[in-house]
Amino acid sequence: MSKKQKTNAVRKLEQQNITFDIIEYELTGDQVDGVTVADKIGYPVFVVYKTLLVTAGANKHFVCIIPVHKELDLKAVAKVVGEKKVELLPLKELQPTTGYIRGGCSPIGMKKLFPTWIDASAESLDFIFVSGGRIGLQLKLTLQDLLQLTNGRIATIIKM
């Protein structure tokens with residue numbers, strides 16, 4: 001990967017001396033959904049995770065990392081973060097808040113380290129994929145390394 005293509009996520013992993021793999025892929029059209037990404041990189045959907053931001057109001061943002069084929073349970077998230085209600089961060093606020101765009105939002109290397117929850121489904125996996133910080137870039141790493149980098153916590157946050 002050339003220097004100009006390095007994302008904040010990749011730089012952060014390198015600074016922390018964390019072992020990871022970079023998987024690059026081509027997307028045609030504007031399909032940036034995770035199921036399409038899993039297909040493009042040749043891995044099952046249950047090891048490819050998406051990064052979603054939720055908010056409970058001004059300056060109360062939380063990062064949720066869930067399998068790409070699952071849906072976030074907002075009530076479960078509200079409970080684990082200790083808020084009455086949370087909602088998905090409006091798309092127009094994603095880049096100003098995180099530094100990343102839709103389809104390329106990595107839980108690693110955001111402008112600020114937000115409280116982060118990773119769905120409990122990741123606990124049984126040897127590795128997971130998350131966005132590398134731009135469309136066309138996925139990072140393969142262990143759950144333990146992702147927890148360390150994000151100060152993350154585990155919780156069941158998907159709809160059953």
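Me: Which conventions should I keep in mind before starting?

Reply: This is a predicted model, in which local features need pLDDT of at least 70, side-chain atom pairs count only at pLDDT 80 or more, and totals for chains, interfaces and linings use all residues. Residues are numbered from 1 along each chain as its sequence is written, and side-chain values use heavy atoms, with hydrogens and water left out.

Me: How many aromatic pairs does the structure hold?

Reply: A pair of aromatic rings is described by the distance of the centres and the angle of the planes. Rings of Phe, Tyr and Trp (its six-membered ring) pair if their centres lie within 6.5 Å; planes under 30 degrees apart count as stacked, over 60 as edge-to-face and the rest as tilted. By that criterion there are 4 aromatic pairs here. One of them joins Y43 and F127: the centres are 5.9 Å apart and the planes stand at 85°, so this pair is edge-to-face.

Me: Where do Y43 and F127 lie in the chain?

Reply: Helices (H or I, at least four residues) and strands (E, at least two) are DSSP runs, numbered from the N terminus. Y43 belongs to the loop between α2 (34-41) and β2 (49-55), and F127 to the loop between β5 (116-119) and β6 (128-131), so the pair ties together parts that are 84 residues apart in sequence.

Me: How is Y43 arranged relative to F129, and which angle do their planes make?

Reply: The ring centres of Y43 and F129 are 4.5 Å apart and the planes are at 50°, so this pair is tilted. It too links distant parts of the chain, since F129 is in strand β6 and Y43 in the loop between α2 and β2, 86 residues apart. Through ring pairs, Y43, F127 and F129 are linked into a cluster.

Me: Is F129 buried or exposed?

Reply: Buried means under 20% relative accessible area, exposed over 50%, and partly exposed in between (1.4 Å probe, protein chains only). F129 is buried, with a value of 0%. Y43, at 28%, is partly exposed, and F127 is partly exposed at 23%.

Me: Which residue lies over the face of F127?

Reply: A charge sits over a ring if NZ of Lys or CZ of Arg is within 6 Å of the ring centre and within 35 degrees of the ring normal. Here K140 lies over the face of F127, at 4.2 Å from the ring centre.

Me: How many salt bridges does a search of the whole structure find?

Reply: A salt bridge is a side-chain nitrogen of Lys or Arg within 4 Å of a carboxyl oxygen of Asp or Glu. The search finds 4. Among them is the one between R134 and E24, whose closest N and O atoms are 2.8 Å apart. This pair links distant parts of the chain: R134 is in the loop between β6 and β7 (137-141), E24 in strand β1 (residues 21-24), 110 residues apart. R134 is partly exposed at 23%, and E24 is partly exposed at 45%.

Me: Which strands pair with β7?

Reply: Two strands pair if DSSP finds at least two bridges between them. β1 and β7 pair in the antiparallel sense over 4 bridges, and I23 stands opposite Q138. β6 and β7 also pair in the antiparallel sense over 4 bridges, with S131 as bridge partner of Q138. β6 and β7 form a hairpin with 5 residues between them, and G133 in the turn has a positive phi of about 105°.

Me: How many residues of β7 are buried?

Reply: In β7, 5 of its 5 residues are buried. L137, L139 and L141 cover one side, and Q138 and K140 the other.

Me: Which residues does T7 contact?

Reply: Contact means heavy atoms within 4.5 Å. Leaving aside neighbours within four places in sequence, T7 is in contact with G132, G133, R134 and L137. T7 lies in the segment before α1 (8-15) and is buried, at 8%.
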